Amino acid sequence: MTRPPLAFEVAAVANGEATDFTVTRNDGDERRYHLPGGDPLHYELFYEEIARDFGIRRPRQFDEVAPAPAEPPWRPLITANLSPRILAGYGDPAVLKADDGHWLVATSNDAPDAFPILHSTDLEHWQPVGFVFEAGRTPGWAAAGTQVADYWAPEMARVGNEYWLSYTARDSDNILSIGLAKSPHPAGPWIDNGAPLLGDSVIDSHISTVDGAPVLFWKRDTNSHWPRPLAGLLRDHPQLIDSLFDNEQDRRTAAFCAAVQPWANTRRPMERFFLMQPLIRAALANWSAVRDALRDSGLGATIVASMSTPILAQRLAPDGASLVGEPTVVLANDLDWEGHLIEGPWVTKQAGRYWLFYAGNDFTSPSYGIGVAVSDRLLGPYVKQPEPLLRSTPAWLAPGHASVAPGLDGRPQLFFHAFHPGTGGYNEFRALLTVGLEFGDDGVTLRDTITPSHAARA
């Protein structure tokens, strides 16, 4: 007799910040779990227990990274925290070269102080000098507070006689939006426009001034839209699980996430991500098969559409308070290594052409990397190099979200973040690294920088 497909029932009861789960498998096996809070570590430990008991994927499974034939010439710049007020390191680093040195701003997530600002005169020693928005001074339109706020991907640009900073935050409805602030100096004070430039699930803005007039690039955050709908589809149509996933662990993962999806729908945005993260990892491990099976089923067109994350661009008004004209789609994820997203665009003009650096795949995974595309025009069309320019090494995982600035010798350098081995995830420390760039007719290549190897701050 054929055994029925594996299925779960999940009952969840909130108890303050905690949740008590009862998980029942359709063979009668029942287990109880206590989730003490909504932090990433709580979910990681919760899923460790679920994986042990029911054989699903864990949200963090770090396969060993094979050494490359030659180690890349990356230089670590900041490898440990420089201030107790900087809670998650230097993710999404944006480096700007000014007359008085290099300035760095970085993601702060839900820390009380939003967007650390650091300064360096030698690209060796970095001094924290403050924050774009200190605690209690965040923009009125943006959500604030631990486990409520999300401040991502700030970037500074010199526009005329002032500095503009674009960034991502959640609005009062928890929707990711892009704001803009201005200052006479990179150290601040920064004055917000008072309202978002863009809303409706957008992230990772970049202000390009390579042609003089400012142009805003950003990513549509549709990758946050498909995991729970996919889980809901599999909950309603469990027969699809076998066609989407080709191994037992991923089928169990899909079945469990389908069962927990109604509870995920009630949680705050980042907890929804934590609850669906094993399903995201399972889908990425079977990416082409998952998309093809969803298309073939006739049931997943909306989900497949959400698996595309276009990067768009539009001119900014001279006062930076609004956008002018219509947006242009300049890039989308269409290479296998990129998986369900590309993000973190940064455009530089070198050798008479426009080079768009971007990150692809899941930022918590060693599969995350940095790609590059080139165009003869700022708004494209862009042609991608087929493979990542930077990918994980045994020493550094998930290099991503790069910026480009002149180094001490005036030649272009790439600045990017990466995780220490065995780490990776929301609010985990990300280090700052750099590497030199060469631009030619055959694309971008890496070169060593003049920054000495002892520059790393341990």
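**Close-up views of a predicted model**

**View 1. The largest cavity holds about 50 Å³ of space.** The structure is a predicted model, and two cavities of 30 Å³ or more are present in it. The lining of the largest cavity includes the run Arg85, Ile86, Leu87, Ala88 and Gly89. Thr107, Ser108, Ala111, Asp113, Pro116 and Phe131 also line this cavity. Sorted by class, the lining has six nonpolar, three polar and two charged residues.

**View 2. Pro112 sits in the loop between β6 (101-105) and β7 (114-120).** With a relative accessible area of 46%, Pro112 is partly exposed. Neighbours within four places in sequence aside, Pro112 is in contact with Leu87, Phe133, Glu134 and Ala135. Of these, Leu87 is also one of the residues lining the largest cavity. Leu284 lies 172 residues from Pro112 along the chain, and the C-alpha atoms of the two are separated by 33 Å.

View 3. Gln147, Val148, Ala149 and Asp150 contribute to its lining, as do Arg170, Arg268, Pro269 and Met270. The lining of this cavity comprises four nonpolar, one polar and three charged residues.

**View 4. The largest pocket has a volume of about 700 Å³.** Its lining is made up of 32 residues, of which Arg170, Leu176, Asp221, Asn223 and Ser224 are the closest to the centre of the pocket. Arg170 also lines the second largest cavity. At least two lining residues come from each of β13 (202-208), α2 (227-236) and α5 (269-285). Helix α5 gives the most to the lining of the pocket, supplying six residues. By class, the pocket lining has 13 nonpolar, eight polar and eleven charged residues.

**View 5. Helix α6 (residues 287-297) has buried residues at Trp287, Val290, Arg291, Ala293 and Leu294.** Viewed down the axis of α6, these buried residues fall within an arc of 165°, so they line one face of the helix. The cover over the buried residues of α6 includes α2, α3 (240-244), α5 and α7 (301-306). Two of these covering helices, α2 and α5, also supply residues to the lining of the largest pocket. After α6 comes Gly298, which has a positive phi, near 75°.

**View 6. Leu230 is placed in helix α2.** Leu230 has a relative accessible area of 0% and is buried. Apart from neighbours within four places in sequence, the contacts of Leu230 are Leu244, Leu279, Leu294 and Ile303. Among these, Leu294 is one of the buried residues of α6. Leu230 and Ile117 are 113 residues apart in sequence, with their C-alpha atoms 39 Å apart in space.

**View 7. Residues 453-458 have a pLDDT below 50.** For the protein chain, the mean pLDDT is 94, and 97% of the residues reach 70 or more.

Terms used: Residues are numbered from 1 along each chain as its sequence is written. This is a predicted model: local features need pLDDT of at least 70, side-chain atom pairs count only at pLDDT 80 or more; totals for chains, interfaces and linings use all residues. Side-chain values use heavy atoms; hydrogens and water are left out. On a 1 Å grid over the protein atoms alone, a cavity is a set of points where a 1.4 Å probe fits but cannot get out, and a pocket is an open set with protein on both sides within 12 Å along at least five of seven lines; lining residues have an atom within 4 Å of a point. Grid points are joined across faces, edges and corners, and a volume is the space filled by probe spheres set on the points. Ala, Val, Leu, Ile, Met, Phe, Trp, Tyr, Cys and Pro count as nonpolar, Asp, Glu, Lys and Arg as charged, and the others, Gly among them, as polar. pLDDT is the predictor's confidence in each residue, from 0 to 100. Contact means heavy atoms within 4.5 Å. Helices (H or I, at least four residues) and strands (E, at least two) are DSSP runs, numbered from the N terminus. Buried means under 20% relative accessible area, exposed over 50%, partly exposed in between (1.4 Å probe, protein chains only). The arc is that of the directions from the helix axis to the C-beta atoms.
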